[in-house]
Amino acid sequence: MADSVNSSVNPFLAPSTLPYQLPPFADIRDEHYREAFDHGIAEQLAEIALIVSNPDEPTFENTLLPLERSGTTLQRVAAVFFNKSSSDSNDFTNALEEELAPLLAAHEDAIRLDPGLYSRIASVHEQREEPGRDAESLYLVERYHTEFTLAGAGLSDADKATLRDYNKRLSTLTTRFEKNLLADTNELAVLVDDVADLDGLAAGEISAAAEAAKERGLDGYLIGLVLPTSHPYLASLTSREVRERLLSASAARGIRGGAHDNRDLVLEISRLRAERARLLGFDSHAAFVTADETAKTPDAVAGMLGRLAPAAARNARVEQAELQKIIDASGAGFELAAWDWAFYTEKVRQATYDVDTSAMRPYFELERVLQDGVFHAATRLYGVTFAPRPDLVAWHPDARVFEVSNEDGSPVGLYIGDFYTRDSKRGGAWMNPLISQSALLETPTVVCNNMNVAKPAAGEPTLLSFDEVNTLFHEFGHALHGLFAQVTYPKFSGTNVYRDFVEFPSQVNEMWMLQPEVLANYARHHETGEPMPQELVDRIHASATFNEGFSTSEYLAAALLDQAWHRIGADTVVTDVAEFEASALAAVGLDNPLVPTRYASTYFAHTFSGGYDAGYYSYIWSEVLDADTVEWFTENGGLTRENGDRFRDRLLGVGGRMDPLEAYRDFRGRDAIIQPLLDRRGLN
Ligand SMILES: [Zn+2]
């Protein structure tokens with residue numbers, strides 16, 4: 001360990017003394033990061049070396065406990081740095097992230113591929129059924145053994161060296177993919193000169209576009225792109241030309257040649273993943289990934305997606321015909337294009353259901369949605385309350401800190417919300433923990449939610465779209481999963497569960513958005529305070545399965561694309577990204593050009609900058625559990641403390657400390673069934 005490191009100066013080298021160990025953001029400077037990473041890596045390697053060199057017979061106590069206790073400095077700096085590089089990046093964080101990616105991949109390999117450590121874990125695994133071992137500890141042994149085995153700990157030295165090269169190379173390439181995507185997304189923002197071309201947008205959206213242009217020193221109005229292919233403004237912009245520009249700009253990300261082109265990265269990343277899978281004894285990367293998920297095999301995933309795809313594609317064609325009818329009736333005389341879909345869908349929605357989604361915005365003021373909607377639902381269900389802590393500083397002035405307490409006043413943790421978009425923030429919305437609960441480490445919980453809501457001009461309210469409100473409820477569901485963790489080992493804390501299970505709690509939390517008591521509490525007109533008219537609410541419910549053909553199809557297309565890239569074997573040579581995409585989508589009947597995939601490969605961050613590689617199917621996989629759970633809440637009286645406590649105790653608090661499907665059975669009283677999902681999405 002470098003002795004030049006001075007813990008009285010570098011704030012990462014000791015636990016924070018702030019409430020809930022909140023990182024001391026005000027004291028953190030750029031030069032602290034690399035120093036703390038180097039120190040943290042060296043520290044953890046020394047801790048592992050001590051475990052491995054222990055002359056005593058391997059036991060749970062002398063192997064797994066110190067392993068779980070290792071790496072606290074690295075954890076501390078990584079949580080803060082990667083939060084910053086996602087939420088408020090700059091040239092410094094970009095450069096450091098690229099520098100760190102191979103170092104951290106190599107570090108992880110140094111641990112996962114340590115033969116001495118693996119043989120100790122294997123030996124503890126052999127004697128795991130020792131009397132007196134509690135269930136969580138037993139599961140810890142199982143998980144470590146499986147993870148190390150899948151990571152290649154049992155390979156020969158030569159194969160391990162190859163594996164290390166793959167991992168290092170992949171981490172560099174996926175980081176580069178993400179950086180290219182952010183740069184291309186910013187570059188492709190659509191500049192509109194004449195305000196008349198923004199007809200259809202709300203006043204607040206227009207002022208946000210003017211603000212965005214000004215921030216970049218441009219004249220006119222700038223529409224920033226969002227991560228998916230489809231943009232929320234496509235539903236309201238009346239100019240076909242601007243709609244086309246917006247959709248085309250989204251779809252052009254990563255395929256324009258030049259420095260930010262992601263096509264070669266897509267090819268190389270998928271090829272390297274296939275080769276790595278072969279080295280580890282699997283037919284494909286998808287087989288390798290699903291082996292350690294609740295799905296277990298790519299065929300199980302294909303079976304599920306294949307069951308849904310034909311009905312979704314068929315429903316989308318029915319919707320398409322309806323949209324064309326509207327265009328024809330208006331005498332416009334053109335054929336529906338992809339950039340018209342959302343616009344005419346909105347017209348059908350208004351004509352058939354009389355639901356005007358832009359008319360809802362005035363009822364969705366951010367602060368009310370957060371406090372009187374999202375927080376309120378959690379209070380009703382779990383008894384928890386939220387107190388603003390303006391005295392606690394986060395990483396950006398827009399990021400606000402709330403203290404969460406139980407009904408009896410006992411502490412739960414801190415919740416940080418950073419809702420506004422900026423050029424330095426990656427697209428999408430997400431939850432990440434800064435500090436994760438663990439009884440072993442005696443750590444509290446600090447979790448964050450990030451969104452990309454356009455910031456209104458000074459003095460104007462932030463009015464959310466229907467989808468943004470839904471996203472806030474969703475991300476907050478992840479936050480609760482983190483906040484309610486009741487585990488001993490840090491490995492199992494909160495959202496540290498299988499990837500194809502992790503979306504389930506957040507999806508369930510979406511149900512409270514339109515729950516009558518919750519909605520009545522938050523959906524009030526920002527000027528008049530009037531509640532959202534009941535008939536509007538009824539019509540929203542009536543239109544629930546409307547346009548589900550489109551949304552299910554665009555999602556399934558992306559999920560199948562992700563599987564296709566990762567089901568290729570190591571010997572398959574793919575040379576053309578566009579061709580591969582087209583044939584993969586045609587193979588499952590999701591090649592309707594009017595329903596573009598939610599993400600095309602070159603801007604499919606979930607799958608190519610990692611996190612959801614061969615795992616984008618997870619959302620619909622976990623939605624089976626979600627729909628089944630919503631039914632349970634509904635059958636049992638909905639928003640009650642009793643229901644909330646059961647969900648918290650048997651599911652949210654469990655984190656990853658037991659088999660998630662077992663936890664589900666314990667909560668639901670049986671396994672999940674698929675029918676509620678089919679009903680919800682109109683796929684019967
Ligand atoms: Zn989510």
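**Zinc site, cores and helices of the predicted model**

Val-502 makes contacts (heavy atoms within 4.5 Å) with His-478, Thr-495, Val-497 and Tyr-612, leaving aside residues up to four places away in sequence. This is a predicted model, in which local features need pLDDT of at least 70 and side-chain atom pairs count only at pLDDT 80 or more, while totals for chains, interfaces and linings use all residues. Residues are numbered from 1 along each chain as its sequence is written, and side-chain values use heavy atoms, with hydrogens and water left out.

Val-502 belongs to helix α17 (residues 499–509); helices here are DSSP runs of H or I with at least four residues, strands are runs of E with at least two, and both are numbered from the N terminus. With a relative accessible area of 9%, Val-502 is buried, where buried means under 20% relative accessible area, exposed over 50% and partly exposed in between (1.4 Å probe, protein chains only). Its C-alpha atom is separated by 8.2 Å from that of Ser-618, 116 residues apart along the chain.

The zinc ion has His-474 (NE2), His-478 (NE2) and Glu-503 (OE) as protein donors, lying 2.1 Å from it. Donors are N, O and S atoms within 2.8 Å of the metal (3.2 Å for Na, K and Ca), and sites may look incomplete because water is not among the atoms. Along the sequence, the spacing of the donor residues reads H-x3-H-x24-E. Both histidines, His-474 and His-478, sit in helix α16 (residues 466–483), four residues apart, or about one turn of the helix. An α-helix has 3.6 residues a turn, so residues three or four places apart point the same way. His-474 is buried at a relative accessible area of 10%, and His-478 is likewise buried at 7%.

Turning to the nonpolar cores, each is a set of buried Ala, Val, Leu, Ile, Met, Phe, Trp, Tyr and Cys residues joined through side-chain atoms within 4.5 Å. The largest holds 148 residues, of which Phe-364, Tyr-415, Tyr-522 and Leu-556 touch the most other members. A second, separate core of 30 residues includes Ile-28, Leu-104, Leu-414 and Ile-435.

Helix α3 (residues 72–87) is largely enclosed by the rest of the structure, since 12 of its 16 residues are buried. Among them are Leu-74, Val-77, Phe-81 and Lys-84. The buried residues of α3 pack against elements including α1 (30–52), α4 (91–112), α7 (157–187) and β5 (411–420).

Aromatic pairs number 45 in the structure. One of them, formed by Tyr-617 and Trp-621, is edge-to-face, at 5.6 Å centre to centre with 90° between the planes. Rings of Phe, Tyr and Trp (its six-membered ring) pair if their centres lie within 6.5 Å; planes under 30 degrees apart count as stacked, over 60 as edge-to-face and the rest as tilted. Tyr-617 and Trp-621 are both buried. Ring pairs also join a cluster whose members include Phe-501, Phe-504, Trp-512 and Trp-632.

Two loop residues complete the picture. Lys-296, in the loop between α11 (285–291) and α12 (298–329), has a positive phi of about 75° although it is not a glycine, and is partly exposed at 42% relative accessibility. Glu-442, in the loop between β6 and β7, also has a positive phi, near 55°, and is exposed, with a relative accessible area of 67%.
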